[in-house]
Amino acid sequence: PVFFYPAGMLTLEILRPALSRDLPYVRGLNLPPPSPAGFAGVLALIAPGDRCPEILLTRRADHLRKHSGQIAFPGGRAEGAESTLEAALREAEEEV
């Protein structure tokens, strides 16, 4: 389900339970197997802002071959035995 709130009404108290609950509607989806290139992770950081929660996004460089100039969550491909969480945190530190 998707919910829309006016910016001034969206609070961390509303977001916290929505983001921490189990998502049963995701189970049973016929998702493709992981890419041969490996797994990737992104960091979806939501932080308190002055008027409402803020989301961290980055803009991809214009010179990149893929997805140049796009707005995205920080993240990228896992390296070696790195978990997707470790990849997301490493990439966020590199990008931000």
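Colleague: I've got the structure open and I'd like to begin with one residue. Where is the place of glutamate 82?

Modeller: Glutamate 82 is in the loop between strand 6 and helix 2. Keep in mind as we go that this is a predicted model.

Colleague: Okay. Does glutamate 82 count as buried or exposed?

Modeller: To call a residue buried, we want its relative accessible area to be under 20%. Glutamate 82 has 19% relative accessibility, so it counts as buried.

Colleague: And which residues does glutamate 82 touch, not counting residues up to four places away in sequence?

Modeller: With those close sequence neighbours set aside, glutamate 82 touches Arg77, Ala87 and Arg90. With arginine 90 there is also a polar contact, side chain to side chain, at 2.8 Å.

Colleague: How far apart are the closest N and O atoms in the salt bridge of glutamate 82 with arginine 90?

Modeller: They are 2.8 Å apart. Salt bridges with shared partners tie Glu79, Glu82, Arg90, Glu91 and Glu94 into one network.

Colleague: Glutamate 91 is another name you listed. Where is its place?

Modeller: You'll find glutamate 91 in helix 2, which covers residues 84–95. With a relative accessible area of 13%, glutamate 91 is buried. Its side chain makes a polar contact with the side chain of arginine 90, at 3.1 Å. Leaving out neighbours within four places in sequence, glutamate 91 is in contact with Gly75, Gly76 and Arg77.

Colleague: How do I check a helix like that one? How far apart are the end C-alpha atoms of helix 2?

Modeller: At 1.5 Å a residue, the 12 residues of helix 2 should span 16 Å, and the end C-alpha atoms are 16 Å apart, so the two agree. Next, look at which side is covered: Ala87, Ala88, Arg90, Glu91 and Ala92 are the buried ones in helix 2. The buried residues of this helix pack against strand 1 (40–42) and strand 6.

Colleague: Zooming out, how many helices and strands does the protein chain have?

Modeller: The count is 2 helices and 6 strands. Going along the sequence, the pattern reads α-β-β-β-β-β-β-α. Of the chain's 96 residues, 15% count as buried. Among contacts between residues at least 6 apart in sequence, 45% join residues at least 24 apart.

Colleague: What about the outside? Which residues make the nonpolar surface patch?

Modeller: Val42, Ile55, Leu57, Ile71 and Phe73 make a patch of about 490 Å². Take isoleucine 55, which lies in strand 3 (residues 54–55). Its relative accessible area is 52%, so isoleucine 55 is exposed.

Colleague: One last thing: what is the phi of histidine 67?

Modeller: Here's the background: most residues other than glycine have a negative phi. Histidine 67 has a positive phi of about 60°, although it is not a glycine. It lies in the loop between strand 4 (58–59) and strand 5 (71–72). With 48% relative accessibility, histidine 67 counts as partly exposed.

Colleague: And how many salt bridges are there by the rule you used?

Modeller: The count comes to 5. Another salt bridge to look at joins the side chains of aspartate 62 and arginine 59, at 3.0 Å from N to O. Aspartate 62 and arginine 59 are both exposed.

Methods: Residues are numbered from 1 along each chain as its sequence is written. This is a predicted model: local features need pLDDT of at least 70, side-chain atom pairs count only at pLDDT 80 or more; totals for chains, interfaces and linings use all residues. Side-chain values use heavy atoms; hydrogens and water are left out. Helices (H or I, at least four residues) and strands (E, at least two) are DSSP runs, numbered from the N terminus. Buried means under 20% relative accessible area, exposed over 50%, partly exposed in between (1.4 Å probe, protein chains only). A polar contact is a pair of N or O atoms within 3.5 Å; within protein, one must be able to donate a hydrogen and the other to accept it, and residues adjacent in sequence count only if both atoms are side-chain atoms. Contact means heavy atoms within 4.5 Å. Patches are made of residues with over 30% relative accessible area and no salt bridge: like charges are joined within 9 Å, nonpolar side chains (Val, Leu, Ile, Met, Phe, Trp, Tyr) within 5 Å. Accessible areas come from the Shrake-Rupley method with a 1.4 Å probe; for residues, only the protein chains shown count as cover. A salt bridge is a side-chain nitrogen of Lys or Arg within 4 Å of a carboxyl oxygen of Asp or Glu. The expected span of a helix is 1.5 Å times one less than its number of residues.
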